[in-house]
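Hello,

Here is the structure I said I would pass on. My notes on it follow below.

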Amino acid sequence: MATIVDSVAEPPLEEAERTDLVGLSRAEMTAAFAALGLSPFRAKQVWHWIYHHGVREFSAMSTLARDLRRRLDERFVISRPQVASEQTAADRTRKWLVSFSDRNLAEAVHIPEEDRGAVCLSSQVGCTLTCRFCHTGKQRLVRNLTPAEIVGQFMVARDSYGEWPSSHEPRRLTHIVMMGMGEPLYNYDNVAQALRIIMDEEGINVSRRRITLSTAGVVPEIPRVGAELGVQLAISLHAVTDELRDRIVPLNRKYPIAELLDACRAYPAARNSRRITFEYVMLRGVNDSPADARELTRLIRGIPAKINLIPFNPWPGAPFECSGNRAIAAFAEIVNRAGYSSPVRTPRGRDILAACGQLRTASERERRRA
Ligand code: SAH
């Protein structure tokens with residue numbers, strides 16, 4: 001028994017004119033439904049179908065009357081990025097090259113661990129930062145990704161592992177890291193909207209405690225991340241002097257180390273015993289000396305922190321080499337003795353160029369082919 005408001009007739013829209021429901025905030029989806037005379041309850045039901053059950057067709061929404069499903073189908077779409085390729089590395093790291101409606105490409109990676117797994121999402125096609133050690137940084141910025149395209153990457157990962165509905169247990173895709181291509185804080189609004197959708201408890205429902213946003217240090221946006229999203233923060237530090245950081249992370253010329261660390265000290269979540277992660281890429285003979293390690297611990301004193309040491313992942317023509325194992329161990333030891341956990345991030349998925357800073361080759365090659 002359809003209600004009267006559910007059955008007002010309008011002509012169907014052309015495919016391209018239909019509104020994509022993916023990427024709308026809850027309020028926007030409710031408003032889009034209201035514009036058709038549909039109640040907030042209908043929006044809530046559809047939200048649940050899209051983000052809890054992961055359905056891609058209105059026809060699968062079996063709690064809705066057939067008439068209503070047809071009407072929704074005539075006005076709206078539920079988008080998914082296309083998977084241009086999916087590769088699984090020897091260590092089970094999986095990488096998706098996803099293709100958007102304008103044929104731009106981005107990469108998402110799943111990094112499995114024993115009892116959990118993080119999905120690494122991209123926020124931009126290309127990047128503006130030109131960090132010297134990063135392969136993505138050599139690809140110019142093409143454009144920001146939309147909320148639908150960011151959420152879509154995670155939905156593709158869930159499709160791939162069959163992890164719908166959201167209550168599916170056990171889950172392999174437990175965590176999310178915004179550490180793929182791009183600088184998330186140069187696309188703040190879209191990233192924030194995407195993360196709010198992902199955190200919604202009646203949908204994808206990944207808790208903010210399991211989401212880490214990594215930035216090279218766009219200082220003015222950091223307070224909003226804490227106040228509006230409350231996710232975990234990671235900082236790509238990589239150097240302990242402005243002189244060196246200016247060179248390898250050029251964004252430092254705009255926001256130098258002292259300002260960046262002040263923003264970290266003020267980060268609200270840092271107080272509730274939630275630590276900020278500092279990422280530090282190990283570059284042989286560049287930033288990996290015992291003196292660098294001691295200076296690092298001095299700089300971050302007072303910040304609840306953990307230091308993630310990332311062995312440099314080489315790429316063809318890279319102007320750096322990875323530090324030796326002994327240098328990395330000695331560095332970790334100094335940081336550790338100062339009271340900070342200092343895990344060395346095992347490179348994952350190097351054989352499919354899915355490791356940090358390697359997301360570029362496949363997407364560029366694919367684009368040239370297209
Ligand atoms: N722009 C954001 C998101 C990228 S995160 C940021 O800078 O934080 C990806 C992480 O991998 C960053 O810490 C980045 O500095 C690091 N990285 C980039 N290239 C790398 C490489 N070749 N080897 C190891 N780590 C790298």
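**The ligand site**

The ligand is surrounded by 22 residues, and the closest are Phe-133, Ser-214, Ser-236, His-238 and Asn-313; a residue is near a molecule if one of its heavy atoms lies within 4 Å of it. Please note that this is a predicted model, in which local features need pLDDT of at least 70 and side-chain atom pairs count only at pLDDT 80 or more, while totals for chains, interfaces and linings use all residues. Residues are numbered from 1 along each chain as its sequence is written, and side-chain values use heavy atoms, with hydrogens and water left out.

By class, the shell holds 12 nonpolar, eight polar and two charged residues. Here Ala, Val, Leu, Ile, Met, Phe, Trp, Tyr, Cys and Pro count as nonpolar, Asp, Glu, Lys and Arg as charged, and the others, Gly among them, as polar.

An N or O atom in the side chain of His-238 is 2.6 Å from an oxygen atom of the ligand. A polar backbone atom of Gly-182 is 3.1 Å from a nitrogen atom of the ligand, and a backbone N or O atom of Ala-216 lies 3.5 Å from a ligand oxygen atom. Taken alone, the ligand exposes 540 Å², and the protein buries 95% of that (Shrake-Rupley areas, 1.4 Å probe). Strands S10 (211-215), S12 (276-282) and S13 (305-311) are the elements that give two or more residues to the shell. Helices (H or I, at least four residues) and strands (E, at least two) are DSSP runs, numbered from the N terminus.

In helix H8 (residues 257-265) the buried residues are Ile-257, Leu-260, Leu-261, Ala-263 and Cys-264. Buried means under 20% relative accessible area, exposed over 50%, and partly exposed in between (1.4 Å probe, protein chains only). These residues cover an arc of only 155° around the axis, which puts them on the same side of H8; the arc is that of the directions from the helix axis to the C-beta atoms. They pack against helix H6 (222-229), S11, helix H7 (242-248), S12 and helix H9 (290-299), where contact means heavy atoms within 4.5 Å.

Ile-303 lies in the loop between H9 and S13 and counts as buried at 3% relative accessibility. Leaving aside neighbours within four places in sequence, Ile-303 is in contact with Leu-261, Cys-264, Arg-265, Ile-276, Phe-278 and Tyr-340.

Gln-232 is in strand S11 (residues 232-236) and is buried, with a relative accessible area of 17%. Not counting residues up to four places away in sequence, Gln-232 touches, among others, Arg-208, Arg-209, Arg-274 and Arg-275.

**Helix H1**

The buried residues of helix H1 (residues 26-34) are Met-29, Ala-32 and Phe-33. Their arc around the axis is only 100°, which puts them on the same side of H1. They pack against helix H2 (40-53), helix H3 (66-75) and strand S2 (76-77).

**Backbone points to check**

The peptide bond from Trp-164 to Pro-165 is cis, with omega near -5°, and Glu-169 and Pro-170 are also joined by a cis peptide bond, with omega about -10°. Pro-165 is in the loop between helix H4 (147-161) and strand S9 (175-178).

Arg-103 has a phi near 75°, a positive value in a residue other than glycine, and counts as exposed at 57% relative accessibility.

Regards

Definitions and conventions:
Polar contact = N/O pair within 3.5 Å; in protein donor to acceptor, adjacent residues only side chain to side chain.
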